[in-house]
Amino acid sequence: MNSATIPIALFFAAIFTNNILLANYLGMCSFLSVSREIKTSVGLGVAVIFVMASTSMLNWIVYYKILIPLELEYLRFIVFIIVIAAFVQLVEMIIERVSEVLYAALGIFLPLITVNCAILGVSLFMVIREYSFLESFIFGLGSGIGWFLAIMAMAGIRQKLKRARIPHGLEGAGITLIITGMMALAFMGFSGMLPIG
Amino acid sequence: MVSALLISVGAVSGISAFLALLMVIADATIANYGEVKITINKDKELDVKGGKPLLGTLMEEGIFIPSACGGRGSCGLCKVKVTEGAGQFLPTELPWLSEEERSNNIRLSCQLKVKNDMFIEIPEELFNVKEFRSRVSGLVDLTHDIKQVSLELIDPAEIEMVPGQFVQLQTPEYELTDEPVYRAYSVSSNTSDTRRIELEIRLVPNGICTTYVHNYLKEGDEVIFNGPYGDFHLRDTDREIIFIAGGSGMAPIKSILLGMVDENNPRRARYFFGARSKRDLFLTDKMKELEQKLPNFSFIPALSNPEPDDHWEGDTGLITDVVAEHMESGNNTEAYLCGSPGMIDACIKVLTDKGVPEELIYYDKFG
Amino acid sequence: MKQTPQMKKIQDNMRPGVLTLNGFLGTDTRDLVEILEEDAAEVRRLRTSHRAIAEKMSILRDQGMRGLGEFIDVEPHFEVRVDSVRGGIPSPFGDAGLLRKTNTTVRNRRLTREIVFTDVNIHLIGEHGFYEGRGSLFRLEPAELVEILEVETEKQQTDLPG
């Protein structure tokens, strides 16, 4: 499905209509646990944006320049994960060197992101929808921002939830998932606006 | 088929190997901070490998900054003044530093990593703190929960210290722990004997170090400790002395008294020892011996809750009440206290009520 | 459930042999965040707060300190004994410096029940809502604390919070 989309449409679609978390249900576990606190949500969100945008580009290069010429497309699952892990490790080292403060704010989340399925998901979507290099970058950046939006919204809602009286059985994960579902329903309202893949 | 298999295995291995190589190079370059110079008190210079926290780096060079939590950032004791080369304050340091400390360049040395040349300032006393290897030469039960541990120094073979100071004993990792842990104990022996030290260690439920000492340590075992630390010592004046300490708080007092015997110190001294019942009393013979050896010393034990079987004929009641009864006026008197914060606060009140100036009341603060 | 790296570090500090011999988690295998959430819910159900419980504990401890290691009467019908040993334990949450090793025993004469808690408990409950893991020797059940120490509870709330 070669999308004849304008880059800006793709960008907004990645954030809203095809939100990686609320429409595609990827990246849920760190979303559920980290959204307790707004400060940590910001840290994790920014780290996710950075890693998603970068790895979608890297994986595009690896897929189209190495795997396809060697007819090894089926290995993309393993190879993408290896690339993501190595990239995150490198970035952690660089951040620690350059700025101790930035490392304390962001760097500690990087190992958590390696296993975030949304990161792998973005790279796989890139393959399925046959995006170009530029489109991969925009899609990765947009998806990251969409994930960031979702976790910030959830963190804000959970602050309010602290004063609410929730039925015993639903506390914690239960109510959070219900709210995520309601947010997903709300975002479905966007779906007609920007048709992409 | 085989060639496809070989290509796929080769490709994945190739990519992984390339990335691993990248990691190794990065580790050697980006994460490698090389050699840096730390200048202490504008005088001493150390050439060290960068990349580790300041606390650990200094420890490897034989300089021991006090720390109770093993560099985890949870005790706030390892503060060091860094005048140059420190970089921005880390979020893990900020909770421990007041406004004033921050403006004075005080940093938490267990969190601050050494990445470039640094200029630091530390108190001179810390240079005298060394790490010692020693051997257990004696283990004696003083009461049901206090053990006297005698350590014979191996390397360095001698320790220079003042009566009243303490050392940090290292509990190595043993059956119940994963890593070494340090705990502070006052030295109870005569410090003029520089080749050995004695500690009085009370068993604390759920205590890592005390459980090790009471249940695992044997004669002949090697023990590592560092020191000496502490500011609690006898001031050189003519004033009368009042000592108040119970339980393992006796340790620094005993050391001070032994020091007084050596110099035949003529000052009048009274030691009020508070305990619950007779089974908490110990070394009473030693105290009687000191009463003979010193010109003007009396040992006054007081039990707050004697058992009927104790047939106790000495003072009874709370230690603060006993002190109040015995004291006439606080004129020309200094006091040395060793115990829990609650006991110290209560004693300070009694002493100041009797006229002892607060600045002449000294206590060991690591309680 | 995944935890933030900070929480994981704190939970690692709570394991046996790191700060204390038996640690703070007992035989509880749950994540720290789950433990905190469940106890927070229990406290809400009891219509009180972590702060209120910790404050009552502090008040009784401060009154009990006057006894210097012996039982002392505290209004209205408590007997409290406070004893301590030297030294301090760092907080597993990495705050507050060294917490004193002080044990407070409170006897409620009216209910003829007794409970023991430490200064570490007071800090962990008041600042973090942490009552220790199930099976820990020093675990305190919020319900027991509220009952024996007679912690004030909120009146019925019928309005929605502002």
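Mentor: Let us begin with a term: two residues are in contact if their C-beta atoms, placed from the backbone, lie within 7 Å. This is a predicted model, so everything we discuss is computed from it. In chain A, residues 24 or more positions apart account for 80% of the contacts with a separation of 6 or more.

Trainee: Which elements make up chain A, and how many helices and strands are there?

Mentor: Chain A has nine helices and zero strands, and from the N terminus on its elements run α-α-α-α-α-α-α-α-α.

Trainee: Turning to one helix, how do you know that the length of helix α7 of chain A is close to what is expected?

Mentor: Helix α7(A), residues 117-128, has twelve residues and reaches 16 Å from its first C-alpha to its last, which is close to the 16 Å expected at 1.5 Å a residue. Just after α7(A), A:Glu130 takes a positive phi of about 50 degrees.

Trainee: Which residues of α7(A) are buried, and what covers them?

Mentor: The buried residues in α7(A) are A:Ala118, A:Ile119, A:Leu120, A:Val122, A:Ser123, A:Phe125 and A:Met126. What covers them includes α3 (38-67), α4 (76-98), α6 (110-114) and α8 (133-161) of chain A. As background, an α-helix has 3.6 residues a turn, so residues three or four places apart point the same way.

Trainee: Moving to chain B, why is B:Ala184 called buried?

Mentor: The cut-off is 20 or more other C-beta atoms within 10 Å, and B:Ala184 has 21 C-beta neighbours inside 10 Å, so B:Ala184 counts as buried. B:Ala184 is found in strand β9 of chain B, residues 181-186, and its C-alpha atom is separated by 8.3 Å from that of B:Ala68, 116 residues apart along the chain.

Trainee: What makes β1 and β2 of chain B a pair, and how do the strands run?

Mentor: A pair needs at least two bridges, and six bridges join strand β1(B), residues 35-40, to strand β2(B), residues 44-49, which run antiparallel. B:Lys37 stands opposite B:Asp47 in β2(B). The hairpin of these strands has three residues between them, and B:Asn41 takes a positive phi near 50 degrees there.

Trainee: Which domains does the assignment give for chain B?

Mentor: The domain assignment gives domain 1 (35-126), domain 2 (129-229) and domain 3 (240-363), and 39 Å separate the centres of domain 1 and domain 3 of chain B, taken over C-alpha atoms.

Trainee: How many residues of chain C are in contact with chain B, and what supplies the largest share?

Mentor: By the contact cut-off of 7 Å, 26 residues of chain C are in contact with 32 residues of chain B. The largest share of that side of chain C, seven residues, comes from β2(C), and by class the side has ten nonpolar, eleven polar and five charged residues.

Conventions:
Residues are numbered from 1 along each chain as its sequence is written. Chains are lettered from A and ligands numbered from 1 in the order in which they are written. This is a predicted model: local features need pLDDT of at least 70, side-chain atom pairs count only at pLDDT 80 or more; totals for chains, interfaces and linings use all residues. Helices (H or I, at least four residues) and strands (E, at least two) are DSSP runs, numbered from the N terminus. The expected span of a helix is 1.5 Å times one less than its number of residues. A residue is buried if 20 or more other C-beta atoms lie within 10 Å of its own, exposed if 12 or fewer, and partly exposed in between; C-beta atoms are placed from the backbone. Domain bounds come from an automatic or database domain assignment. Ala, Val, Leu, Ile, Met, Phe, Trp, Tyr, Cys and Pro count as nonpolar, Asp, Glu, Lys and Arg as charged, and the others, Gly among them, as polar.
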